[in-house]
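Please work through the exercises below with the sequence and the model open beside you.

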Amino acid sequence: MRYKVLDSWRGIAAIMVAVFHFPAAGHIHQAAVVRHAFLFVDFFFVLSGFVISHSVREDLGSARATGAFLMRRLGRLYPLYAAVLLAFVGLEVAKALASSMFGLSAQTAPFQAGSPSDPGYLTLHILLLQAFHLTDGLSWNWPDWSIAAELWTYGLFALVCWLARRQRGYVLALLAATAFVVIVERSQTGIDLTYDLGFVRCVYGFSIGALCYDIWLRAGERLQRLPATVSEFAVLVIAIGFVVWAGRSGASIVSPFVFAPAVLVFAAQGGQISRALAAPALQRLGQLSYGIYILHAFFVLVFSTGVTLLARSHAPSYWRMETFEGFDQKIFLLPNTLALDGLTLGYLAIVIIAAMLTLKYIEAPARRFANGWAANMFGSPGRASSAP
């Protein structure tokens, strides 16, 4: 069984995160749900725990099965991850050439030490170690901390399913509880851990998502007997209301528990909202979700670099510093707010087109290669998995 509606939600969540990172001060950027859309990363984690559990958990009973699972997951995520990281390096090279050949300078010097593009941070990204508080900030492709965290979490989940097969529910509950305590003790911004122990945040949400699948196995038929449309509308209102209200407050720490009922209700795929989400366009958006997520920061950086160069060659300032919930943020200004909304939509269109191209030319070929390699090395790959 494929949870098509959950695929669509994955695409919508990726769009929300992409808009959240785009610094255009239009109506879209100022919407409360967008200003707090970083919380949709936790929705990804819960959804991933649920879907991965459905896809492969019963297959992880041996070292061979575990090895095949991890190879498929790495082949699914790492090729595009590495390609986009290489694109960030290419952008720094382009900045260096523009500076030396044309005298143009961006906001930060290319490969500047201590900046997000510090070459010393590249090793951490290559080795997927940027979510373990080994630096003092986000670097290079800044959303990719969550991909690194997910890949390490997959490894932890595979070990739990293999070595603690009969007690895995208890172990997952213990992992979720331990992660919750660590987040409460260490975080000053609610659940918003990224470079600073983002791995713990991922384990927390993923474990709750995996436990949701246990609930689904035991109570799925009863959940399917609930009034479908009413249930879907209720969990959607609660989830959006929570995102708007919680933000980076301490309350955000419970966000996986808010998203978990939404995952369970929409797994039933029975209401009017589910039928709308099953539309081909939204299904396609779900297929593009990983590309949208991993690519969008590159286009934000390209855009920001261009605006910085434009601002230096014109008298009017196109930037404004804004403090929001204790965080300083540079946002882009234009006299017409609707033009900024149009710019945001244009940016999303570019990201989606890029995701379509990378799905065809990078993701799909890499997935086929990884699945074939896993089958040759470890035997049959089992059921095909779906991951955010």
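A residue is called buried under 20% relative accessible area, exposed over 50%, and partly exposed in between. The model is predicted, and the exercises apply these cut-offs to its computed values.

**Exercise 1.** Find which residue forms a salt bridge with Arg 201, and explain what the pair ties together.

Solution. The partner is Asp 42, and the closest N and O atoms of the two residues are 2.8 Å apart. Because Arg 201 lies in helix H9 (residues 198-224) and Asp 42 in helix H4 (residues 40-56), the pair ties together parts that are 159 residues apart in sequence. As for accessibility, both Arg 201 and Asp 42 are buried.

**Exercise 2.** Carry out the analysis for the salt bridge between Arg 76 and Glu 363.

Solution. The side chains of Arg 76 and Glu 363 meet at 2.7 Å, taken from N to O. Arg 76 belongs to helix H5 (residues 63-102) and Glu 363 to helix H15 (residues 337-378), so parts that are 287 residues apart in sequence are tied together by this pair. Both Arg 76 and Glu 363 are buried.

**Exercise 3.** Determine where the salt-bridge partners Arg 248 and Asp 192 lie, and whether each is buried or exposed.

Solution. Arg 248 and Asp 192 form a salt bridge in which the closest N and O atoms are 2.8 Å apart. Arg 248 sits in the loop between helix H10 (228-246) and helix H11 (255-267), while Asp 192 sits in the loop between helix H8 (168-186) and H9, so that the pair links distant parts of the chain, 56 residues apart. With a relative accessibility of 15%, Arg 248 counts as buried. Asp 192, at 12% relative accessibility, likewise counts as buried.

**Exercise 4.** State how many salt bridges are counted, and which residues are linked in a network.

Solution. A salt bridge requires a side-chain nitrogen of Lys or Arg within 4 Å of a carboxyl oxygen of Asp or Glu. By this rule the model has five salt bridges. The network of salt bridges links Asp 42, Asp 192, Arg 201 and Arg 248.

How values were computed: Residues numbered from 1 in each chain as written. Predicted model: local features only at pLDDT ≥ 70, side-chain atom pairs only at ≥ 80, totals over all residues. Heavy atoms only, no water. Helix = DSSP H or I, 4+ residues; strand = E, 2+ residues; numbered from the N terminus. Buried < 20%, exposed > 50% of the residue type's maximum accessible area, 1.4 Å probe, protein only.
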